[in-house]
Structure formats: structure tokens, C-alpha cells
Amino acid sequence: MNKSFLSIVNKGGPSGKTLLVRARQAGDIQQVFPDAEVQIGAESDYRYRARIDREQLANAIADAIRNMIIVISNRQSQIRIAMMLRIR
């Protein structure tokens with residue numbers, strides 16, 4: 001995403017309604033999910049972690065993709081990206 005680098009893994013809660021979002025830099029998760037309860041781990045590659053609701057995560061990713069397409073100024077590139085993403 002524009003303001004953060006996140007890793008998403010299927011290690012959410014036991015209900016399956018969440019996914020684990022991880023980040024290497026402080027604040028990256030909060031850039032996308034300001035209300036997230038971020039936990040800090042001492043000895044791991046991705047030190048910052050939060051369990052995020054699947055729907056909330058899907059909406060954030062979809063919004064990032066929509067905004068990425070809007071930012072592109074070259075109309076031909078915009079059409080190619082929209083076709084790759086199957087957005088009409």
C-alpha cells in the first residue's frame with residue numbers, strides 16, 4: 001500500500017473471522033487500521049502484529065486498489081490495470 005508494507009497470513013483467531021496482519025515498521029498497521037490493537041513481538045521478522053477482521057481487511061485492500069487506479073494519469077495504463085483486475 002502507499003503508506004505501509006504489510007504481510008497478511010491466515011493465522012487469525014480460532015473463529016476464522018480474522019487474519020493476522022504483520023508489519024516490520026512501527027505505525028504501518030495503524031496507517032491502514034487506526035483502531036487496531038497492535039502487539040509488539042521481541043524476536044521476530046515482523047515485530048508488529050494485529051488480528052484484523054477479514055471483511056475490514058478486504059475492504060481496505062479493495063480501496064487501495066481503487067485509489068491506485070485513480071492516481072494513474074495515463075488512460076491506456078488505467079484501462080490495462082482495470083482489465084487485469086476485472087474492474088468495470
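Which residues make a nonpolar surface patch of about 240 Å²? In this predicted model, the patch is formed by Met1, Ile8 and Ile61. Of these residues, Ile61 sits in helix H2, which covers residues 54-71. Its relative accessible area is 32%, and Ile61 is therefore partly exposed.

Let's turn to charged side chains. Side chains of opposite charge can pair when their charged atoms come close. The structure has 1 salt bridge, and its partners are Asp45 and Arg24, with 3.5 Å from N to O. What does this pair tie together? As for the surface, Asp45 is exposed at 59% relative accessible area, whereas Arg24 is partly exposed at 42%.

Now have a look at Thr18, a residue of strand S2. Is Thr18 buried or exposed? With a relative accessibility of 17%, Thr18 counts as buried, because the cut-off for buried is under 20%. Beyond its neighbours within four places in sequence, Thr18 has contacts with Gly12 and Gly13, and also with Arg51, Ile52, Asp53 and Arg54.

Here are the accessibility values side by side:

| Residue | Relative accessible area | Class |
|---|---|---|
| Asp45 | 59% | exposed |
| Arg24 | 42% | partly exposed |
| Ile61 | 32% | partly exposed |
| Thr18 | 17% | buried |

How values were computed. Residues are numbered from 1 along each chain as its sequence is written. This is a predicted model: local features need pLDDT of at least 70, side-chain atom pairs count only at pLDDT 80 or more; totals for chains, interfaces and linings use all residues. Side-chain values use heavy atoms; hydrogens and water are left out. A salt bridge is a side-chain nitrogen of Lys or Arg within 4 Å of a carboxyl oxygen of Asp or Glu. Buried means under 20% relative accessible area, exposed over 50%, partly exposed in between (1.4 Å probe, protein chains only). Helices (H or I, at least four residues) and strands (E, at least two) are DSSP runs, numbered from the N terminus. Contact means heavy atoms within 4.5 Å. Patches are made of residues with over 30% relative accessible area and no salt bridge: like charges are joined within 9 Å, nonpolar side chains (Val, Leu, Ile, Met, Phe, Trp, Tyr) within 5 Å. Accessible areas come from the Shrake-Rupley method with a 1.4 Å probe; for residues, only the protein chains shown count as cover.
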